[in-house]
Amino acid sequence: YMVLNNDTKLIDYMQALKQDGVFDFTIVDGMVTAINGKENATDFTSCWMLYTDDADTSNTAWGTIELDGKTYASAISGAEDLIIKDGTAYVWTYVTV
């Protein structure tokens with residue numbers, strides 16, 4: 001668990017999980033390129049996409065996903081910019097287009 005404040009970004013939480021050895025990721029030029037060893041395709045036909053249930057920080061521009069009966073929309077910003085909110089879900093999904 002991590003105490004959130006008004007400017008805690010998703011990357012902060014991801015870094016804490018990485019430091020605890022729970023989660024691993026790589027970011028290149030602001031884009032998540034690998035999570036737990038699964039890398040984006042070099043031609044980006046498959047890549048990691050971020051979805052959330054927070055209506056204020058998502059839209060359907062990059063689609064939606066269904067998980068456990070709930071719909072998540074694509075995040076409007078990446079992990080380095082997205083300010084997270086307590087009680088909100090963030091889902092990394094490996095998507096193939």
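This section describes the confidence, strand pairing, helix packing and aromatic contacts of the structure.

The structure is a predicted model, and the mean pLDDT of the protein chain is 95, with 100% of its residues reaching 70 or more. Within the chain, confidence is highest in strand 3, at 98, and lowest in strand 5 (residues 58-67), where the mean is 95.

Strand 2 (residues 31-35) pairs with two other strands, one through each of two hairpins. Strand 1 (residues 25-28) runs antiparallel to strand 2, and the two are joined over 4 bridges, one of which is formed by Phe 25 with Ile 35 of strand 2. The hairpin of strand 1 and strand 2 has 2 residues between the strands, and in this hairpin Asp 29 takes a positive phi near 50 degrees. Strand 2 also pairs in the antiparallel sense with strand 3 (residues 38-39), here over 2 bridges, and Ile 35 has Lys 38 as its bridge partner in strand 3. Between strand 2 and strand 3 there are again 2 residues, and Asn 36 of this hairpin takes a positive phi near 45 degrees.

Helix 1 (residues 10-19) contributes Leu 10, Ile 11 and Met 14 as its buried residues. These residues cover an arc of only 95 degrees around the axis, which puts them on the same side of helix 1. Just after helix 1, Gly 21 takes a positive phi of about 75 degrees.

A search of the whole structure finds 2 aromatic pairs. In one of them, the ring centres of Phe 23 and Phe 25 lie 5.9 Å apart with their planes at 35 degrees, so the pair is tilted; both Phe 23 and Phe 25 are buried. In the other, the ring centres of Trp 48 and Tyr 94 are 5.3 Å apart and the planes stand at 65 degrees, so this pair is edge-to-face. Because Trp 48 lies in strand 4 (residues 46-52) and Tyr 94 in strand 7 (residues 90-96), the pair ties together parts that are 46 residues apart in sequence. Trp 48 counts as buried, at 13% relative accessibility, while Tyr 94, at 25% relative accessibility, counts as partly exposed.

With a relative accessible area of 41%, Thr 64 is partly exposed. When neighbours within four places in sequence are left aside, Thr 64 is in contact with Tyr 51, Thr 71, Tyr 72 and Ala 73. The C-alpha atoms of Thr 64 and Leu 50, which are 14 residues apart along the chain, are separated by 10.0 Å.

Note on methods
Residues are numbered from 1 along each chain as its sequence is written. This is a predicted model: local features need pLDDT of at least 70, side-chain atom pairs count only at pLDDT 80 or more; totals for chains, interfaces and linings use all residues. Side-chain values use heavy atoms; hydrogens and water are left out. Rings of Phe, Tyr and Trp (its six-membered ring) pair if their centres lie within 6.5 Å; planes under 30 degrees apart count as stacked, over 60 as edge-to-face and the rest as tilted. Buried means under 20% relative accessible area, exposed over 50%, partly exposed in between (1.4 Å probe, protein chains only). Two strands pair if DSSP finds at least two bridges between them. pLDDT is the predictor's confidence in each residue, from 0 to 100. The arc is that of the directions from the helix axis to the C-beta atoms. Contact means heavy atoms within 4.5 Å.
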